Every structure is written in structure tokens, then in C-alpha cells.
Amino acid sequence: MRVIEYTLQGPGFPEQNAPYRLITTILDPEAASATDLAALYHERWEIETALDELKTHQRGPAQVLRSRSPDGVEQEVWGHLLVHYAIRSLMHDTADASQLDADRLSFTRSIRPARRQVTAQAAFSP
């Protein structure tokens, strides 16, 4: 077992009272340096953030899929994924134009203007 101790510093990171400790079974520092593993572990949580954005902020908490058939469920899931991609793509373009890291932008604050632009919700259940 190998223990890597590190801290995150820079804009957007909170002050830390204690360092992070990453435990790994990758024992060879030449195969994976401590710096690489710490950066990759931090990036690993981005998928969790994306799932939270989709399930909680975009779709809404406690909302279930409305479709009543397997084909409808598949279509609804693809629709949610495409909307998420479109919003994230706009966030990336905005961050790029401002020379910022797109991870520093708020998905919740980005989805609000998109919701305000939707003139009417679907009037029927899929």
C-alpha cells in the first residue's frame, strides 16, 4: 500500500485544515507519480459532479422519467443527456472566451437562463 498526502491550492479551492490522503495499490512511483495520482483522483470526481448536475439540478430532485415504454425511456434519457451536453458546451465556450477553467463555472447558474428561454413545457406525457 502507498499513501500519498497532498493539498489543493489555487483559486476556487477552499482553505484546508488537513491534507488529503490518497491510498493506492500502485506502488511504483515511476509507473504513476504522486502528482499524477493526486490530479487524476481529483478529476475522477468530475463524473460524480456531472451525474449530480443531471439528476438533481437539470431533471429535478425526486423526478422520475415520465415515459411508459422502454423506447420512450431511452428517448427521454437521450434527451436529458443532449440538454446536459448543450449546456456544458455553452459553459465551455464561455469559459474559453474568458480564459477560465470550465470547471470553475456553476452548472446551476448556467441552466437558469436556459430554463427562462424555454417558452413552453411539453404539454403531453411521452
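The legends below describe close-up views of a predicted model.

**View 1. The packing of helix α1 against helix α2.**
In this view of the predicted model, α1, which covers residues 34–58, packs against α2 at an angle of about 110°, and the axes of these two helices lie 11 Å apart. Because angles from 65 to 115 degrees count as roughly perpendicular, α1 is described as roughly perpendicular to α2. On the α1 side the contact is made by A50, E53, L54 and Q58, which meet H80, L81, V83, H84 and R88 in α2. Sorted by class, the residues in the contact of α1 with α2 comprise 4 nonpolar, 3 polar and 2 charged ones.

**View 2. The packing of helix α2 against helix α3.**
Helix α2, spanning residues 70–98, and helix α3, spanning residues 107–117, pack with their axes 10 Å apart and at an angle of about 110°, which makes α2 roughly perpendicular to α3. The residues that α2 brings to this contact are H84, I87, R88 and M91, and they meet F107, S110, I111 and A114 in α3. Here the classes are represented by 5 nonpolar, 2 polar and 1 charged residues.

**View 3. The second largest pocket and its lining.**
The second largest pocket holds about 360 Å³ of space, and its lining is formed by 16 residues, with E46, T49, E53, R88 and D103 lying nearest the centre of the pocket. Both α1 and α2 supply at least two residues of this lining, and the largest share, 9 residues, comes from α1. When the lining residues of the second largest pocket are divided by class, 8 are charged, 4 are polar and 4 are nonpolar.

Most residues other than glycine have a negative phi. Q99, although it is not a glycine, has a positive phi of about 55°. With a relative accessible area of 74%, Q99 is exposed, because a residue counts as exposed when this value is over 50%.

Methods. Residues are numbered from 1 along each chain as its sequence is written. This is a predicted model: local features need pLDDT of at least 70, side-chain atom pairs count only at pLDDT 80 or more; totals for chains, interfaces and linings use all residues. Side-chain values use heavy atoms; hydrogens and water are left out. Axes are lines fitted to C-alpha atoms, for helices over the stretch in contact, and angles run from 0 to 180 degrees between N-to-C directions. Helices (H or I, at least four residues) and strands (E, at least two) are DSSP runs, numbered from the N terminus. Angles under 35 degrees count as roughly parallel, over 145 as roughly antiparallel, 65 to 115 as roughly perpendicular and the rest as oblique. Contact means heavy atoms within 4.5 Å. Ala, Val, Leu, Ile, Met, Phe, Trp, Tyr, Cys and Pro count as nonpolar, Asp, Glu, Lys and Arg as charged, and the others, Gly among them, as polar. On a 1 Å grid over the protein atoms alone, a cavity is a set of points where a 1.4 Å probe fits but cannot get out, and a pocket is an open set with protein on both sides within 12 Å along at least five of seven lines; lining residues have an atom within 4 Å of a point. Grid points are joined across faces, edges and corners, and a volume is the space filled by probe spheres set on the points. Buried means under 20% relative accessible area, exposed over 50%, partly exposed in between (1.4 Å probe, protein chains only).
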